[in-house]
Amino acid sequence: MLDERARTLLKTLIERYIADGQPVGSRALSRYSGLDLSAATVRNVMADLEDLGFIASPHTSAGRVPTPRGYRFFVDSLLITQPLESEKIHAIEGRLHPSHPKDLISNASELLSGFTHFAGIVLTPRRKPQRIRQMEFVSLSEKRILLILVTTDGDVQNRILFTERPYSAAELVVATNYLNQYFAGHDFEQIRNRVREDLLKLRSDLQNLMAAALAAGDEALSRADDQYVISGERNLLEVEELSSNMKRLRELFDLFEQRTALMRLLDISHRAAGIQIYIGGESGLAPLDECSVVTAPYEVDGQIVGSVGVIGPTRMAYERVIPIVDITAKLLSSALTYQASS
């Protein structure tokens, strides 16, 4: 798409903008690109890059800045990552040591944040599907019923169901016995595959209660797994491009608190192979339109169980952030695998 001259000037422009945070003019490009070009030639190439959507002209400056499309081309075609310094690798190894199993996930998140000065995030390991040992209904009031779930691992989850009509103690016993007879020993993936057919066999007046119980149980156990640890969110307050838009910054912090939407992005990342980079709107999440997310999956015994990542501005030093994310994922994989086998 671009000839070598245009590629060199685009790479130079993006690197200068990442370093300085200021729009880059033709004179600076001539000086830093190493190309023997006149200012007029540089301006013509920049005009072509702008027409292609790789750079844009802020109204307040004669210089240009990269667009998300420009960053994407840079990351995919022009970027040369920097090897991580040995002292940083040793520091990560020290914090991600198998002898500290309870702290591995939080330490990984803090390391990502500390070394990049952005927000570090780690999707916690997915556990094996939890099997149901026992389910029980307890009447709280006329139309409020407590659902108690006990898994074979001993995990206990409680959910309150709001029903359209009151259920007698005898009806709750029937429903409890039915659930334990047919679903004990199964996980919710297995239960979902047979629930529709089995519910049709129930008395119609119990179908709604059972359907609500299974939906609440599925949600309770899924939410127990769908968690992540995030560190360094306050670092983003120091990023000029983000802090200058308080409305967007509030939306970003709301995203961190609500978790559900960000979980979906991390879940997609942990099912992909290798480093994934989402620039601006590529994440599909509006609060991240001015951010980039760099993620990598981590493994236990060769099986991907989660992902680590960094959230920062689109103007981040990708050549530095990518190796940090990559090494952290690899060392976390090593520590968790050693822990699982010991």
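**Salt bridges**

I searched the whole structure, which is a predicted model, for salt bridges and found 13 of them. I then looked at a few pairs one by one, bearing in mind that side chains of opposite charge can pair when their charged atoms come close.

I began with Arg95 and Glu110, whose side chains meet in a salt bridge with an N to O distance of 2.7 Å. Arg95 belongs to helix α5 (residues 86-95) and Glu110 to helix α6, so this pair ties together parts of the chain that are 15 residues apart in sequence.

My next pair was Glu241 and Arg315, which form a salt bridge whose closest N and O atoms are 2.8 Å apart. This pair links distant parts of the chain, since Glu241 sits in helix α10 (residues 240-243) and Arg315 in the loop between β10 and α13, 74 residues apart.

Asp289 lies in the loop between β8 and β9, while Arg248 lies in helix α11, so the pair ties together parts that are 41 residues apart in sequence. Asp289 is partly exposed, with a relative accessible area of 35%. Through salt bridges that share partners, Lys247, Arg248, Glu251 and Asp289 are joined into one network.

**The chain as a whole**

I stepped back to look at the overall build, in which the chain has 13 helices and ten strands. For a compact globule of 342 residues I would expect a radius of gyration near 20 Å, but the chain has 26 Å. Along its principal axes the C-alpha trace spans about 90 × 45 × 35 Å. Of the 342 residues, 45% are buried. Among contacts with a separation of 6 or more, 61% are between residues 24 or more positions apart. The chain exposes about 17,500 Å², and carbon and sulfur atoms supply 49% of that area.

I followed helix α1, residues 4-20, which has 17 residues and reaches 24 Å from its first C-alpha to its last, close to the 24 Å expected. Its buried residues are Ala6, Leu9, Leu10, Thr12, Leu13, Ile14, Tyr17 and Ile18. I recalled that an α-helix has 3.6 residues a turn, so residues three or four places apart point the same way. The cover over the buried residues of α1 includes α2, α3 and α13. Just after α1, Gly21 takes a positive phi of about 75°.

Helix α12, residues 260-270, has Leu262, Met263, Leu265, Leu266, Asp267, Ser269 and His270 as its buried residues. What covers them includes β3, β7, α11, β8, β9 and β10.

**A buried threonine**

Which residues does Thr295 touch, leaving aside its neighbours within four places in sequence? I found Thr295 in strand β9, residues 291-300, where it is buried with a relative accessible area of 0%. Its contacts include Leu266 and Ser269, both of which are among the buried residues of α12. Also in contact with Thr295 are Gly274, Ile275, Gln276, Tyr278, Val308, Gly309 and Val325.

I checked phi angles, since most residues other than glycine have a negative phi. His117, in the loop between α6 and β3, has a positive phi near 65° although it is not a glycine, and at 53% relative accessibility it counts as exposed. Asp301, in the loop between β9 and β10, is not a glycine either and has a positive phi of about 55°. Asp301 is exposed, with a relative accessible area of 57%.

**At the surface**

My last entry concerns a nonpolar surface patch of about 320 Å², made by Leu140, Ile160 and Phe162. Is Phe162 buried or exposed? I found Phe162 in strand β6, residues 156-162, and its relative accessible area of 65% makes it exposed, because the cut-off for exposed is over 50%. In the loop between β5 and β6 lies Gly154, which at 43% relative accessibility counts as partly exposed.

Technical notes: Residues numbered from 1 in each chain as written. Predicted model: local features only at pLDDT ≥ 70, side-chain atom pairs only at ≥ 80, totals over all residues. Heavy atoms only, no water. Helix = DSSP H or I, 4+ residues; strand = E, 2+ residues; numbered from the N terminus. Expected span 1.5 Å × (residues − 1). Buried < 20%, exposed > 50% of the residue type's maximum accessible area, 1.4 Å probe, protein only. Contact = heavy atoms within 4.5 Å. Patch = residues over 30% accessible without salt bridge, like charges linked within 9 Å, V, L, I, M, F, W, Y side chains within 5 Å. Areas by Shrake-Rupley, 256 points an atom, 1.4 Å probe, with all protein chains shown as cover. Salt bridge = Lys/Arg side-chain N within 4 Å of Asp/Glu carboxyl O. Rg over C-alpha atoms; globule rule 2.2 N^0.38 Å.
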